[in-house]
Structures are given as structure tokens and as C-alpha cells.
Amino acid sequence: MRALHALAVRHPVRTTFVVALAVRLMVVISSHVLNQWPLIPDEMGYVELATLAANGRTNDYCCGGYGNALYESTQLFTWQIHGLVELFGPVEWILQLPAVIFGVATAALIAWIASKLLSPQWALSVGLVMALMPSAVLLSSVVLRESLIWLLLALAAWLVIRSSESDTAGQLVLSAVGLLLTVVLLGWLRDQIALLVAWSLIFPALFVRYRRRLRIGLALLILVAGPWFAGLGPGGFGLIEKVVPRLATVRTWMSLDAESAISEFTVAPDQSSMVN
């Protein structure tokens, strides 16, 4: 046992990867062996949307253009399960695998980041927390976009750390390109998070003294261009202008179904503006 523990401490990233993968595969397998799929009701929505998309019928999903709006607002994830449905059909356990891969990669990446900042023992502890946290395990074992969002957020954190340690213009530009791409990809998953990440990049640029002007300039470029490329308008103001006037309506419709995540409910004629 001591030898196994010592081996795990020497290789915190690999250990985290193996543990995270094993746990998530066990959840996927048991959910079907015990006939408990879907574990979360929203899984059925993504599977149905991907199946309809494979037949060119996204307009048939729900009502009032909601299918097209949901597909476009989550396209980075929906493209993947759409492609898997095209290749294998709507096989649930296959559609769960992308989330598993993203969840495992997130845990390993966080362990790797921790290994650069902390001792191997603490890096292993951090990695195992992410690998075994119940909510993280669940949401990275189902047909949902959350684990891909986590992976991109972890990648953004690594790029910010890398940028703060960089001392050449070339390294700063490369980190900025990576952060710009991360913001765009987040915008194709959950636009509000993309906007939050883009705006938050201003703060590390202000607090690092070396090449501060270049850092601030690159952060402003990401802030303006990242959301713009993701279809949210420069700096995300297009999204803000679109969403703020509808907040009361959206929250009202959401509250009507707050008693259950499963029950059906009557919807407004046009739901495309209510997609998160």
C-alpha cells in the first residue's frame, strides 16, 4: 500500500487521470446496467435535438424556433453529439463519452496546474478532489455540456498563469491567442460565461507590472474581439442589449415550471430568445 501511495504521489497527473476515468466509466456503465439512464432529465433534450438534427428537423424540437436556438447557442457541444448520432445512431452510452473525456481531461489539467504551483502531495490531493467530487463526476458522466465548459475554464486559468509568467512579447501574444480562442469556444457553449471570462482578463493584466501596456492592450483586444467572434457583439454588448429587456419575461416563464424539472409546461410562441 505504501508503494502504491508513493507511486501515486510521484505521478499526480497520471493518478488523477486514471481515477477520474475509472469512476466516470463506472457511472456510465452502472446507469445502463441498472436502467437508471437518463441520470439528469436534460440529457434527453440533447439526445432528441441531436437525433432531429441528424434528420434535418431541428425545427421540430419543442416549439417556436427553440430547437434551432438551442443548437446554435450550444453548438460546440451539440456538433459532437450530432456527429456521433450520424455515425452510430442515438446510442446513449456513446453520447455520454465526450462528457467523460472532458471531465477526465479537466481533472488531469487541474492536477497538472497544481503540480506547477504546489508539492506533489498537494497536487495529487487537488487532482483527486476534482476526480472524485460527486457533482463533477455526475455532470461529466452525462450528455451535458458542463464538463466541456469546465475544461475550457481550466485551460483559460492555465493560459492566464502562463501569461503572468511570460517575459517576452511573443509568449504574451501566444497566450492571448489561446485566451481569445477559449473565449470564442465558450461563447459557443454558454455565452454568459464567455462574457464573464473576457471581462475578467482585464484584472490580471492590470496587476502584472512587466510589459503592462502590452498586457492591457491584449486583454482589451480579447475583450472586444472574443465575444464579437462568438456572435455576442463587441465586448458582449450585443448579448447584453438583447438579453436585458427580456430578463423579466424569461424569469417568469422559468418560474412557472419551477416545481419540477420533468413536467411539461405551456411555452410562449417564440422561445428562441430564452436559450441560456
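A polar contact is a pair of N or O atoms within 3.5 Å; within protein, one must be able to donate a hydrogen and the other to accept it, and residues adjacent in sequence count only if both atoms are side-chain atoms. The views show a predicted model, in which local features need pLDDT of at least 70 and side-chain atom pairs count only at pLDDT 80 or more, while totals for chains, interfaces and linings use all residues. Residues are numbered from 1 along each chain as its sequence is written, and side-chain values use heavy atoms, with hydrogens and water left out.

**View A. Polar contact of Ser73 with Leu70.** A polar atom of the Ser73 side chain lies 3.2 Å from the backbone oxygen of Leu70. Ser73 belongs to helix H4 (residues 66-73); helices (H or I, at least four residues) are DSSP runs, numbered from the N terminus. With a relative accessible area of 14%, Ser73 is buried (buried means under 20% relative accessible area, exposed over 50%, partly exposed in between; 1.4 Å probe, protein chains only).

View B. The C-alpha atoms of Ala108 and Val13 are separated by 5.3 Å, although the two residues are 95 residues apart along the chain. Ala108 is buried, at a relative accessible area of 12%.

**View C. Nonpolar surface patch including Val18.** Phe17, Val18, Leu21, Leu25, Ile29, Val33 and Leu34 make a patch of about 640 Å². Patches are made of residues with over 30% relative accessible area and no salt bridge, nonpolar side chains (Val, Leu, Ile, Met, Phe, Trp, Tyr) being joined within 5 Å and like charges within 9 Å. A salt bridge is a side-chain nitrogen of Lys or Arg within 4 Å of a carboxyl oxygen of Asp or Glu. Accessible areas come from the Shrake-Rupley method with a 1.4 Å probe; for residues, only the protein chains shown count as cover. Val18 lies in helix H2 (residues 12-33) and is exposed, with a relative accessible area of 53%.

View D. Asn35 is exposed, at 65% relative accessible area.

Methods:
Helix = DSSP H or I, 4+ residues; strand = E, 2+ residues; numbered from the N terminus.
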